[in-house]
Amino acid sequence: NYTHRFVDETRGVNGAISEFQIADLRLAINGASEVFPKLSASFFIEANNLYDADYFIIERRPMPGRNFMAGIQFLIHHQKTTP
């Protein structure tokens, strides 16, 4: 999954906040369990601010540069039973 965002210039309390563009990339592998059919998992790695842009969302408070995250997400599938 590739996400690219453009945010236009805006006015802050003390002055203008410049426009910026940032991009994120997420790679994920999804799988289901044969032993536990109601359980599935997703393994992922993300690269945020892929092009290492310098930008501000709040005046004088810079946002982080390129950063990475990895993890596992478990999903439990449950169906409601009706009486």
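Hi everyone. The chain averages a pLDDT of 90, and 99% of the residues score at least 70; pLDDT is the predictor's confidence in each residue, from 0 to 100. This is a predicted model, so to speak: local features need pLDDT of at least 70, side-chain atom pairs count only at pLDDT 80 or more, and totals for chains, interfaces and linings use all residues. Residues are numbered from 1 along each chain as its sequence is written, and side-chain values use heavy atoms, with hydrogens and water left out.

Let's begin with the secondary structure. Helices (H or I, at least four residues) and strands (E, at least two) are DSSP runs, numbered from the N terminus. Confidence is highest in strand 1 (residues 2-7), at a mean of 96, and lowest in strand 6 (residues 56-58), at 84.

Now the overall form. The radius of gyration of the chain is 20 Å, whereas a compact globule of 83 residues would have one near 12 Å. That radius is taken over C-alpha atoms, and the globule rule is 2.2 Å times the number of residues to the power 0.38. Along the principal axes, the C-alpha atoms fill a box of roughly 60 × 35 × 20 Å.

What about the surface? Of the 83 residues, 19% count as buried; buried means under 20% relative accessible area, exposed over 50%, and partly exposed in between (1.4 Å probe, protein chains only). Among contacts with a separation of 6 or more, 43% come from residues 24 or more positions apart, where contact means heavy atoms within 4.5 Å.

On to the charges. The mean positions of the 8 positive and 9 negative charges are 10 Å apart. Lys and Arg count as positive and Asp and Glu as negative, leaving out His and the chain ends; each charge is placed at NZ of Lys, CZ of Arg, CG of Asp or CD of Glu.

Finally, two residues to look at on the screen. Most residues other than glycine have a negative phi. Which phi does aspartate 52 have? A positive one, of about 55 degrees, although aspartate 52 is not a glycine. Aspartate 52 lies in the loop between strand 5 (39-48) and strand 6, and is partly exposed at 39% relative accessible area. Arginine 60, also not a glycine, has a positive phi of about 60 degrees. Its loop runs between strand 6 and strand 7 (61-62), and arginine 60 counts as exposed, at 66% relative accessibility.
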